[in-house]
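Here is a walk through one protein model, from the overall numbers down to single side chains. Keep the sequence and the 3D view open as you read.

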Amino acid sequence: MYNVDAYLKSLTSNAVKLSKKVQDGIAENTRDFRFENQAHFLDTNDDKMREIRKDLDSRYEKEKLDGLKRLIAMISKGKDVSEFFPDVVKNVASKSLEVRKLVYIYILRYAEQEQDLALLSINTFQKDLSDKNQLIRAMALRVMSGIRVPVISPIVMLGIKKCVTDLSPYVRKIAAHAIPKCYQLDPAQKDALVDIITTMLGDNSTFTIGSVLMAFNQVCPDRLDLIHPQYRKLCRMLIDMDEWGQITALDLLLRYSRTQFLNPIGKGNTPATRTKKEKSVAKSFYSDDDSDASHHSSDSSESSSDEENNTIDPDLTFLLKCALPLFQSRNSQVVLAVAKLYNHLAPAEESYKIGRPLIRLLRSHREMQFVVLNNIVAISSKRPYVFDQFYQQFFVRSTDPVFIRNLKLEILTLIATESNITFVLRELQEYVKSSNKDFVTQAIQAIGRCASNIPDMAESCLGGLLKLSFSKSDSVVAESVVAIRRLLQQRPNESVVMITQLTKALDEITEPLARANIFWLVGQYCSQLLTVAPDVLRKAAKTFCSENESSKLQILTLGGKLIAQEGKLSKTINLLFQYILNMARYDLNYDVRDRARFLRALIYGAQKDGALDSLEQADNVDDDDEKAEHNGNGQGGDFIVSTEDQGGFEYSEKELNLSDHVKKILLSEKAAPIQKNPSHGREQYTIGSMSLVLNRTVAGYEPLPDWPTVQPDPTVRRMASTLETPGHMNDRTGFGSESFGHGGKGSSHMGIGGPSSSSRYDGQSGGFKSGGAQSLDKFLESSSEEKTDSSEEGSSEDSEEDSDEESGEESEGNGGSEEDSSEGEEESSGSEEASSSEEETILHPTSSNGKRR
């Protein structure tokens, strides 16, 4: 009976323990399936803070994960949680990938503050570089390179060298990202990093090459000689790169092309070419590319002579053809990068391809429209024929904000041609009817710029502006008169009728700016308005006291010009001008008083008239006495003045009498004003840059290099065929593919192929070896030995490569006699057959969908 009771008690206790374990397991496993609120991680009271340390020391991965999430949440709120650094570092070797990620984030945040404790985790990271899982290898290198502790820079360098030869493209990509970090940590290792970049440029993986080019731009952007053997490969890989890799590659290839090819844009941007483009008829935006291309190439026979004189390098043509499919990218920055490439490299007959992709980007949100429109303004200022057939896309919508509206009006004035000016002016006339005065003002200015750009339409534009000058809106009247004045200065022989019409409207026009411009026009062309100008001066004298300051200044100038034109013998004009001068003498504005004194002295000189008061007479008498004493005999007439202050220069008063030259001074011909666009100056910046959008040079902006005057050696790009890519870089499989791994055998818990867990990865041999990971002490001790070994291996490899290249050249010389003969003919006579054969080898055939075969 006792044995049965003892057995039942033990059974009951075991059942209780088992049920508790089952409950704990169920609770642990069901956490992944609960939809709990994550806001509790932001709770930072004292009880929760004490629970964090308990969670980090827990044996359950889920509790560790909760503790780390709470730490990361507090870091995001700006709180200092560095006190938990020792507890977090203990979990750096956790089996859970999610826990490791959060541990790495925490270590990156506080590694600089806790350098000694951070160095304790370096040994774990070094072991992780040999892990069978590519994600763990990549994260280990990412964290090592992100720890800003200068002491570990040699270890980071060795880690990069190890991961450069990794079989995984993802790990090699992370190694490329680590190169700029290592360079910032220790710039003294630049030479070694350049050697690594040179090796990685031969990588054939499109997943990796974009990061390599980014590292190249940050470490050695001036070493364009490293791009020579990889140029054609980079052009072929453009279509398959990721989007940000495409942007980096396009920018690098643009800089490379500007230094290695002659300028092909020169003869394609002439006015004759623009005239030919302007004859195009506007087509639908969704028309076929083939018809559009045939439309722009219809006059190819007429420009055959220009093409012969302006031959494009086959490698440059190859780059343009490889970049053309990227115009269809979903990334707007990629489209802008290709547009930049075509704008700065392509000849005129190829640049029209920029238009349609940029117009497509205008369908996006307004911030994107603003950036794209600024780039279109810069392109249109130099190549207006690119967008002339898309003028309807720049018509202003009622929902457009002010900054979009102004840019569209500016583009319409830039792309206006003889074929579309009628439609553009008709649209601008509708804008003038708007209730928004600022918009109407901008539209009137756009009409004036269109008339200046196309003289044949100036007469019709002047008629429309004259009608607007009778508007009830003061701002519309002012802008209309200003636009008319600018146009009349460009057409001085046809200004009489228009000025006469404006003078008739003076009684109705009250805007000071408009009245001042009319007075200026009458005075400037008073020689052609012999009957109108004096009457305008008479009316102006009546209203002089009530005029604005700007109008008063122009009335004074008008009177002076009439006196200079008619002479002082004209009694009526002389009396009117004296009357205006006397009123201006006591005006409240000192500018008006100064102008009156200036014109009185200029026109009448030292003459005395009855209008002068006694004070002026006394002053003048005193002046005459001083002159007489200075002359010594008190006689008037000519006298010679010689002073030491003027360097012994002798002059006569008669020669300095400006009254004799008043007609030349006041009635001299004024040059027509040059109307600049509001965005003038954007064209000097590179397309797609921040400096272009802001219209000023931003820190970090680098202009494109100038075109070479002498053709560089094109044979340097032919070396790619003689170079062999290492075996670990020939893997074209992407990240996460099932075929990735060492021989495709074995798999890890992440589903990625690899060897067994007892083996480790050897970066030098490109495979896995058995045995445990190397310790930190051995790792540091072997670093110096590996440097010496690498230098010896580098010299031996260089000699082997030289011998391989010589053997390769001999084999090419034996098996390719036709190539040698063609190259010999090219060097001796410069015939075009060699270039055409070279172009055939460069331009690989493409399928209809844009993919290379």
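## The big picture

Of the protein's 853 residues, 44% count as buried, where buried means under 20% relative accessible area, exposed means over 50%, and partly exposed is in between (1.4 Å probe, protein chains only). This is a predicted model, so local features need pLDDT of at least 70 and side-chain atom pairs count only at pLDDT 80 or more, while totals for chains, interfaces and linings use all residues. Residues are numbered from 1 along each chain as its sequence is written, and side-chain values use heavy atoms, with hydrogens and water left out.

The protein has 39 helices and 4 strands; these are DSSP runs numbered from the N terminus, with helices (H or I) of at least four residues and strands (E) of at least two. Take the contacts between residues at least 6 apart in sequence: 69% of them join residues at least 24 apart. Contact here means heavy atoms within 4.5 Å.

## Two helix pairs

Two packed helices are described by the angle between their axes and the distance between the axes. The axes are lines fitted to C-alpha atoms, for helices over the stretch in contact, and angles run from 0 to 180 degrees between N-to-C directions. Angles under 35 degrees count as roughly parallel, over 145 as roughly antiparallel, 65 to 115 as roughly perpendicular and the rest as oblique.

Start with helix H14 (residues 243–260) and helix H19 (residues 332–345), which pack at about 10° with their axes 9 Å apart. H14 and H19 are therefore roughly parallel. On the H14 side, the residues that meet H19 include Trp244, Ile247, Leu250 and Leu254; on the H19 side, Val334, Ala337, Val338 and Leu341 are among those meeting H14.

Next, helix H25 (residues 437–453) packs against H27 at an angle of about 10°, with the axes 9 Å apart. That makes H25 roughly parallel to H27. Among the H25 residues in this meeting are Val440, Ile444, Gly448 and Ala451, and the H27 residues include Val476, Glu479, Ala483 and Leu487.

## Salt bridges

Side chains of opposite charge can pair when their charged atoms come close. A salt bridge here is a side-chain nitrogen of Lys or Arg within 4 Å of a carboxyl oxygen of Asp or Glu, and the whole structure has 23 of them.

One of these joins Asp128 and Arg100, at 3.7 Å from N to O. Asp128 lies in helix H7 (residues 122–128) and Arg100 in helix H5 (residues 97–110), so the pair ties together parts 28 residues apart in sequence. Both Asp128 and Arg100 are buried. Another bridge links Arg330 and Glu243 at 2.9 Å, N to O. Arg330 lies in the loop between helix H18 (314–323) and H19, and Glu243 in helix H14, so this pair ties together parts 87 residues apart in sequence. Arg330 counts as exposed at 78% relative accessibility, while Glu243, at 22%, counts as partly exposed.

Asp535 and Arg538 also form a bridge, at 2.6 Å from N to O. Both lie in helix H30 (residues 532–542), 3 residues apart, or about one turn of the helix. Asp535 is partly exposed at 30% relative accessible area, and Arg538 is partly exposed at 33%. Elsewhere, salt bridges that share partners join Arg53, Asp57, Glu83, Asp87 and Lys90 into one network.

## Residues worth a click

What is the nearest side chain of opposite charge to Arg485? For Arg485, which is buried yet has no salt bridge, it is Glu479, 9.2 Å away (Lys and Arg count as positive, Asp and Glu as negative; His and the chain ends are not counted). Arg485 sits in helix H27 (residues 474–490). Leaving out residues up to four places away in sequence, Arg485 touches Asn517, Trp520 and Leu521.

Pro512 belongs to helix H29 (residues 512–524) and is partly exposed at 26% relative accessibility. Beyond its neighbours within four places in sequence, Pro512 contacts Asn548, Ser550 and Ser551. Finally, Asn695 has a phi near 60°, a positive value in a residue other than glycine. Asn695 is in the loop between helix H36 (690–694) and strand E3 (759–762).
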